[in-house]
Structures are given as structure tokens and as C-alpha cells.
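Colleague: I have a few "how do you know" questions about this structure. Could you show it to me and then take them one by one?

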Amino acid sequence: MRVIDHGGQEQELWRPGVLTRMRISAATGAEQLCVFEQWCDPGCGAPPHLHMVEEVLTVLAGRAEIWIDEERTTLTAGQSVIVPAGHRHGFRNTGETVLHMEAILAAPTFGPVTQRE
């Protein structure tokens, strides 16, 4: 059994205003999952993109506008959406405090990601 100490995992600057901490991935021994957290400053988030696997996005703290294809909604702490594989999606912090998100991908790595405008 492998125990992973998340307290020792570093946050990385993913893009301006967004910190990411990879908790579970191929690097920690996962074969089918990637789990990571993001902290997004107001107005920041993930631009439109897609994955070839299903993803779950959960708001841990704050408020986020999330879109999947043309559908948009606002999530607050304790709410999740399931993003179907191959669908364009993204999110941004629409609150006044830091948005804390968790993402779970049905793959052991974050990529490949296809950016879309």
C-alpha cells in the first residue's frame, strides 16, 4: 500500500492567477485517475479546452462560472459537475475571494488537452 502525503506536495503556478497541486497521478502511482486542486484568483480559471476522458469539477470554496459546450452555470462550495469526454469546457472565478477547485480526470495524467476558443 502506498500512502501519499498531500501536505508535502508543492503548488505550481499553472498560469497567472492560478496555482495547481497535483495530488494523484501517474507520478504517484495511479493508473486510471488524475486528481488535482486549483486555487484561482478572482477572474481567473481554466480557458475553454477538452479532454478525451470524463472529468469531475468540484468547487471546494468560492464561486465559479462553469461551461460545457454552450451551457453555463454557477457552482458554489460543495457542488460538482461531470464533464463528458470530448466536450469543450472551462471555468472562471466569479467571486471576490480565491476559488478552490478539485478536478478528477479518468486518466493518470492531465494531458492531452486540446485548447479551443
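Modeller: What follows is a set of questions and answers on a predicted model.

Colleague: Start with the sheet. In what order do the strands of the open sheet stand?

Modeller: The order is β1-β2-β3-β10-β5-β8, and the pairing is antiparallel. These 6 strands form an open sheet.

Colleague: What makes β1 and β8 stand at the edges?

Modeller: β1 (12–15) and β8 (79–83) each have a single partner strand, so one side of each is left without a neighbour in the sheet. From one strand to the next, the twist averages 30 degrees.

Colleague: How do you know that β2 and β3 pair?

Modeller: Count the bridges. Pairing needs at least two. Strand β2 (residues 18–24) is joined to β3 by 6 bridges, so the two count as paired. They run antiparallel. Isoleucine 24, for one, stands opposite valine 35 in β3.

Colleague: How many bridges join β3 to β10?

Modeller: There are 7, and these strands also run antiparallel. Glutamine 38 has methionine 101 in β10 as its bridge partner.

Colleague: And which residue in β10 is the bridge partner of valine 59?

Modeller: That is methionine 101. Strand β5 (residues 55–61) pairs with β10 over 6 bridges, in the antiparallel sense.

Colleague: What makes β3 a mostly covered strand?

Modeller: In strand β3 (residues 34–40), 7 of its 7 residues are buried. Look at the two faces. One side has Cys34, Phe36, Gln38 and Cys40, and the other has Val35, Glu37 and Trp39. Both faces are covered.

Colleague: Why is cysteine 34 called buried?

Modeller: Buried means under 20% relative accessible area. Cysteine 34 has 0%, so the word applies. Cysteine 40 is also at 0% relative accessibility and therefore counts as buried.

Colleague: Now charges. Why is the pair of glutamate 37 and arginine 23 called a salt bridge?

Modeller: The cut-off is 4 Å between a side-chain nitrogen of Lys or Arg and a carboxyl oxygen of Asp or Glu. In this pair the closest N and O atoms are 3.7 Å apart, so it passes. Glutamate 37 is in strand β3 and arginine 23 in strand β2, 14 residues apart in the chain. Both residues are buried.

Colleague: Which other residue meets arginine 23 in a salt bridge, at 3.0 Å?

Modeller: Glutamate 102 does, N to O. This pair links strand β2 with strand β10, and the two residues are 79 apart in the chain. Arginine 23 has 17% relative accessibility, so it counts as buried. Glutamate 102 is buried as well, with a relative accessible area of 15%.

Colleague: How many salt bridges does a search of the whole structure find?

Modeller: The search finds 6. Glutamate 70 and arginine 88 form one, with the closest N and O atoms 2.8 Å apart. Glutamate 70 sits in the loop between β6 (63–68) and β7 (71–76), while arginine 88 sits in the loop between β8 and β9.

Colleague: Are glutamate 70 and arginine 88 buried or exposed?

Modeller: Exposed means over 50%. Glutamate 70 is at 69%, so it counts as exposed. Arginine 88 is at 17%, so it is buried.

Colleague: Last one. Why is histidine 89 called buried?

Modeller: Its relative accessibility is 2%, and the cut-off is under 20%, so it counts as buried. Histidine 89 lies in strand β9 (residues 89–93). Beyond its neighbours within four places in sequence, histidine 89 is in contact with several residues, including Pro47, His51, Trp67 and Val83. A polar atom of its side chain lies 2.9 Å from the backbone oxygen of histidine 87.

Technical notes:
Residues numbered from 1 in each chain as written. Predicted model: local features only at pLDDT ≥ 70, side-chain atom pairs only at ≥ 80, totals over all residues. Heavy atoms only, no water. Helix = DSSP H or I, 4+ residues; strand = E, 2+ residues; numbered from the N terminus. Buried < 20%, exposed > 50% of the residue type's maximum accessible area, 1.4 Å probe, protein only. Polar contact = N/O pair within 3.5 Å; in protein donor to acceptor, adjacent residues only side chain to side chain. Contact = heavy atoms within 4.5 Å. Axes fitted to C-alpha atoms, helices over the stretch in contact; angles between N-to-C directions.
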